[in-house]
Amino acid sequence: MSLNSYTEKKVCIITTDGRNLVGTLAAHDYTTNLVLKNTVERVIRSPDDGEPSAEVPLGLYIVRGENVCLVGLVDEALDASINWTEVKGAAIGTTKH
């Protein structure tokens, strides 16, 4: 499947090391190198962690294709309705090769 239909849309990227990045897909190439704009990294804390979860602004961001595990479209209305500082969860973990 081509990422062309995702260009200029809000996407969620899960990386091979378990990071959660959300931003607007600005560009991509045939090796799945991605350029995101208005990117934030969502750092979801575990339920037993007293710290709130966070969205760390990254701005213009490049993800190398070898680090991409998943690319998905974001439901913007649903996404905007969630207070991401209150979300808790377990770490996804890393991908093994």
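Mentor: Let us begin with strand 2 and strand 3, which pair in the antiparallel sense over 7 bridges; pairing here requires that DSSP finds at least two bridges between two strands, and the elements themselves are DSSP runs numbered from the N terminus, with at least four residues of H or I for a helix and at least two of E for a strand. What you see is a predicted model, in which local features need pLDDT of at least 70 and side-chain atom pairs count only at pLDDT 80 or more, whereas totals for chains, interfaces and linings use all residues. Residues are numbered from 1 along each chain as its sequence is written, and side-chain values use heavy atoms, with hydrogens and water left out.

The pair belongs to an open sheet of 5 strands, ordered 4-3-2-1-5 with antiparallel pairing. Strand 4 and strand 5 (68-73) stand at the edges with a single partner strand each, so one side of each has no neighbour in the sheet. From one strand to the next, the twist averages 30°, where axes are lines fitted to C-alpha atoms, for helices over the stretch in contact, and angles run from 0 to 180 degrees between N-to-C directions.

Consider next the loop between strand 2 and strand 3, where N33 lies. N33 is partly exposed at 26% relative accessible area, on a scale where buried means under 20%, exposed over 50%, and partly exposed in between (1.4 Å probe, protein chains only). Leaving aside residues up to four places away in sequence, N33 touches A27, H28, V63, R64 and G65, a contact being heavy atoms within 4.5 Å. N33 and G65 are 32 residues apart in sequence, yet their C-alpha atoms are 4.1 Å apart in space. The side chain of N33 also reaches the backbone nitrogen of G65 at 2.7 Å, and a polar contact of 2.9 Å joins the side chains of N33 and T31; a polar contact is a pair of N or O atoms within 3.5 Å, where within protein one must be able to donate a hydrogen and the other to accept it, and residues adjacent in sequence count only if both atoms are side-chain atoms.

Within the strand pair, N20 has R42 of strand 3 as its bridge partner. The side chain of R42 meets that of E55 in a salt bridge, at 2.7 Å from N to O, the term requiring a side-chain nitrogen of Lys or Arg within 4 Å of a carboxyl oxygen of Asp or Glu. This pair links distant parts of the chain, with R42 in strand 3 and E55 in strand 4 (residues 54-63), 13 residues apart. R42 is buried at 8% relative accessible area, whereas E55 is partly exposed at 38%.

R19 lies in the loop between strand 1 and strand 2 (20-28) and E41 in strand 3 (residues 34-43), so the pair ties together parts that are 22 residues apart in sequence. R19 counts as partly exposed at 25% relative accessibility, and E41 as buried at 15%.

Finally, K10, R42, E55 and D79 are linked in a network of salt bridges. Within it, D79 forms a salt bridge with K10, the closest N and O atoms being 2.9 Å apart. D79 sits in helix 1 (residues 76-80) and K10 in strand 1 (residues 10-15), 69 residues apart.
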